[in-house]
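This report looks at one residue and its setting, and then at one strand and its partners.

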Amino acid sequence: MKNFDLILFTNPDKLARVVASAWLDEIEHANRTGQKHCVALSGGRITQKFFADTVEKAKERNVSFANVHFFWADERCVPPTDPESNFKMANELLFAPLKISENQIHRLRGEDEPAVAVKKAEVELRAVVSLTKLNLPVLDLIFLGMGEDGHVASLFPVLSDHFLDIFVPFLVVEDSPKPPPTRISLSYKMIFAAKNIWILASGAGKEKIFQQSLQPDGDTPMARVIRSRNNTQIFSDLQK
């Protein structure tokens, strides 16, 4: 049985617009039911388009973000003002234009010593997210990109298999094959536990690894995520 939904687009602009509208639908549903909407964001080129479309459509629809709490799928161990910071991109393209309160933003502190930053992040996450599965907080939605090697968050193919069995929300990734070498990432178990995973797979040169990641016996990090969940939403402009 296929355990993912694949939605294909002819270009990244259409992908970003559709995902932005779908996310706003999720936020409005949470608003109507009086629930918090706890989401983890990712970086990447497609995310820039996605943030811009979200801001535009949110203003058109007058969507309230008052119940949304923002976390991160991963962060590079750099200060929040560094161009490599995933927080910096979200802050400039999403939070500032929508005037999101600082109380709703729970960033990974890349400027701190990584082990300390991971502990701080877990405490803050558990203070906001009450629902748990196997003692891990359950996020409503995690956005993931897909790298050229099939990595998601900062979970790279070179990581040993023992990373699959770590029951903590966040972990330190050292010696990343992409700079900077030290990062903080959601764990596999945390990603597996989320209510919803939306993967935005976009970018030239990724077609082959994308197809490998969709196979039942795929060995990329993206394939591991798909295989370990009942359902994953995949939005892609990489044609089959």
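## Basis of the description

Helices (H or I, at least four residues) and strands (E, at least two) are DSSP runs, numbered from the N terminus. The model is predicted, and local features need pLDDT of at least 70, side-chain atom pairs count only at pLDDT 80 or more, while totals for chains, interfaces and linings use all residues. Residues are numbered from 1 along each chain as its sequence is written, and side-chain values use heavy atoms, with hydrogens and water left out.

## Lys-57 in helix α2

Lys-57 lies in helix α2, which covers residues 45-61. With a relative accessible area of 19%, Lys-57 is buried, a term that stands for under 20% relative accessible area, against over 50% for exposed and partly exposed in between (1.4 Å probe, protein chains only).

Apart from neighbours within four places in sequence, the contacts of Lys-57 (heavy atoms within 4.5 Å) are Arg-17, Ala-20, Ser-21 and Leu-24. Although Ala-20 is 37 residues away along the chain, its C-alpha atom and that of Lys-57 are separated by 7.5 Å.

Strands pair if DSSP finds at least two bridges between them. β2 pairs in the parallel sense with strand β3 (residues 68-72) over 5 bridges, and with strand β7 (residues 141-145), also in the parallel sense, over 2 bridges. Val-39 stands opposite Phe-70 in β3 and opposite Leu-141 in β7.
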